[in-house]
Amino acid sequence: MDLQFLGTSSGVPTKARNVSATAVIEASGKRWYLVDCGEGTQHQLLHTPLSMRDLRAVFITHVHGDHCYGLPGLLASAGMSGRTEPLELIMPVALHEWIRQSLAVSQTFLPFELRLLALETLECWSSDQLEVSTRELSHRVPSYAFVFTEINPEPRLDIAKLQADGIPRGPLWGELAHGRAVQHAGGWIDAQAYLQPSRPARRIIVCGDNDSPQLLAEVAAGADVLVHEATFTEPVLARSQSNFGHSTAAAVARFAEAAGVPNLVLTHFSARYQDNPQRSPSIADVRDEAMAHYSGQLLLARDLQRYRLDREGRLVAVDSHSS
């Protein structure tokens, strides 16, 4: 799986960072899922190879505008780009009428079916490649994390089972290997019954705003990647006298270290953190604070950067225009 960050700023955009949006991309490199859709997300997509026709679903972590204001424009552009496949939106129920009204009053008529699912009552969502579950977080409004887990990754034929069940080698095996059902001995054979994963399933957690990383303890166990906001550093938080429902880099790093998460990606940085390390506060302060508490692979997300889980389970930056 890949991750591509379309927005990494908290609250408001900066010259270098747009507001929240993250693409989770299947191992095939084509079909993808969007977590949050801050204003301007559709413009960010123009700088990537991601196509609106290949978007499988949209997941919105909570109702705040920097996580959802880009939705009406994104949907309108999807329709104008020729999308016809239904699209599912998993988001807080409070946003359902808002998106309907936004499309209605702007007379935006979509050429595809929009399916709205309530985040609060969703137990599990799945495609043929990924299963997505939720975990409630702690913020000023209800906020959630989405846990993406691969289904039967890189499947290969279970030769022993095929032979034991007397399914003859040849064209039938070829069809089953491609995931297609076949007819044999007067009945149909489901390909999934004879496919097994060739490697362990990977799990990526992408979080909404959250001031209590420990709420992720159960799902973080065994996860490959944790994407979590680090809006503040501890010195800045101490001066502000309120965390506004957000985490510090230190708090997230301590949690990830204790949970044994091998790859930690920090994002959703306050606009006060400058990219220039000579200015204070600097984004380098966020990195330094996290590194003091975490020994795994630490990445600070950058807009439009794409990251890939390699075969060793290490998250690495790749060409942002690769597919």
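Strands β1 and β3 run antiparallel and are joined by five bridges, where strands are DSSP runs of E with at least two residues, helices are runs of H or I with at least four residues, and both are numbered from the N terminus. Two strands count as paired if DSSP finds at least two bridges between them. Within this region, Leu 3 stands opposite Val 24 in β3. This is a predicted model, in which local features need pLDDT of at least 70 and side-chain atom pairs count only at pLDDT 80 or more, while totals for chains, interfaces and linings use all residues. Residues are numbered from 1 along each chain as its sequence is written, and side-chain values use heavy atoms, with hydrogens and water left out.

The open sheet to which these strands belong has eight strands with mixed pairing, in the order β7-β6-β5-β4-β3-β1-β20-β21. At its edges stand β7 (114-118) and β21 (315-318), each with a single partner strand, so one side of each is left without a neighbour in the sheet. On average, neighbouring strands of this sheet are turned by 25° against each other, direction ignored.

Contact here means heavy atoms within 4.5 Å, and angles run from 0 to 180 degrees between the N-to-C directions of axes, which are lines fitted to C-alpha atoms, for helices over the stretch in contact. Helix α3 (residues 94-105) also packs on the sheet, touching β6 and β7, with a direction at about 160° to that of β7.

## The seven-stranded sheet

A second open sheet, again with mixed pairing, has seven strands in the order β8-β9-β10-β15-β16-β17-β19. Its edges are formed by β8 (124-126) and β19 (297-300), each with a single partner strand, so one side of each is left without a neighbour in the sheet. The twist from one strand to the next averages 20°. Inside this sheet, β15 and β16 pair in the parallel sense over three bridges, and Val 225 in β16 is the bridge partner of Ile 204.

Helix α8 (residues 249-259) lies across β16 and β17 (263-267), running at about 165° to β17, while helix α9 (residues 283-291) lies across β17 and β19, at about 160° to β19. The buried residues of α8 (buried means under 20% relative accessible area, with a 1.4 Å probe and protein chains only) are Ala 249, Ala 250, Val 252, Ala 253, Phe 255 and Ala 256. What covers them includes α6 (217-220), β16, α7 (234-240), β17 and α9. Just after α8, Gly 260 takes a positive phi of about 75°.

## The enclosed space

The structure holds one cavity of 30 Å³ or more, a cavity being a set of points on a 1 Å grid over the protein atoms alone where a 1.4 Å probe fits but cannot get out. The largest cavity has a volume of about 130 Å³, a volume being the space filled by probe spheres set on the points, which are joined across faces, edges and corners.

The largest cavity is lined by 16 residues, of which Ser 20, Thr 22, Asp 36, Cys 207 and Thr 267 lie nearest its centre; lining residues have an atom within 4 Å of a point. The elements that give two or more residues to this lining are β1 (2-7), β3 (21-25), β15 (203-207) and β16 (225-229).

Conventions
1 Å grid on protein atoms, 1.4 Å probe; cavity = no way out; pocket = protein on both sides within 12 Å on 5 of 7 lines; lining within 4 Å. Buried < 20%, exposed > 50% of the residue type's maximum accessible area, 1.4 Å probe, protein only.
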